[in-house]
Amino acid sequence: TVANEACSSSHVSVNGKPAKPSKDVSVGDVVEITFGNKTVSVEVVSVAEHALKSDAASMYRVVDEKNA
């Protein structure tokens, strides 16, 4: 999947550490994702075992966005 490729290519970190695709996140974790020259940091505000796509946006808040 795209998420697995992003993690395997070191484009995702959790709390400042490189994340593997199997990394579990907890409420309060900060996830940083790099897409090309853009980096977005989000804070996890809720975690669910099963979540609908429509609920995903309410499970995090954007902390920072940067363009390289």
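Reader: Which residues make the nonpolar surface patch of about 230 Å²?

Author: Val25, Val27 and Val47 make that patch. Keep in mind that this is a predicted model.

Reader: Where is valine 25 found?

Author: In the loop between β2 (17–18) and β3.

Reader: Is valine 25 exposed, partly exposed or buried?

Author: Partly exposed, because its relative accessibility is 31%.

Reader: How many residues line the largest pocket, and which lie nearest its centre?

Author: The lining has 26 residues. Nearest the centre are Ala3, Val12, Val25, Val31 and Ile33. So Val25 turns up again: it belongs to the nonpolar patch and to this pocket lining, and counts as partly exposed.

Reader: Which elements give two or more residues to that lining?

Author: α1 (2–8), β1 (12–14), β3 (30–35) and β4 (38–44).

Reader: Which one gives the largest share?

Author: α1, with five residues.

Reader: How do the lining residues divide into nonpolar, polar and charged?

Author: There are 19 nonpolar residues, three polar and four charged.

Reader: New topic. Where does alanine 57 lie?

Author: In the loop between β4 and β5 (60–67).

Reader: Buried or exposed, alanine 57?

Author: Exposed, because its relative accessibility is 54%. The cut-off for exposed is over 50%.

Reader: How far apart are alanine 57 and serine 10?

Author: They are 47 residues apart in sequence. In space, the two are 23 Å apart, C-alpha to C-alpha.

Key:
Residues numbered from 1 in each chain as written. Predicted model: local features only at pLDDT ≥ 70, side-chain atom pairs only at ≥ 80, totals over all residues. Heavy atoms only, no water. 1 Å grid on protein atoms, 1.4 Å probe; cavity = no way out; pocket = protein on both sides within 12 Å on 5 of 7 lines; lining within 4 Å. Helix = DSSP H or I, 4+ residues; strand = E, 2+ residues; numbered from the N terminus. Nonpolar A, V, L, I, M, F, W, Y, C, P; charged D, E, K, R; others polar. Patch = residues over 30% accessible without salt bridge, like charges linked within 9 Å, V, L, I, M, F, W, Y side chains within 5 Å. Areas by Shrake-Rupley, 256 points an atom, 1.4 Å probe, with all protein chains shown as cover. Salt bridge = Lys/Arg side-chain N within 4 Å of Asp/Glu carboxyl O. Buried < 20%, exposed > 50% of the residue type's maximum accessible area, 1.4 Å probe, protein only.
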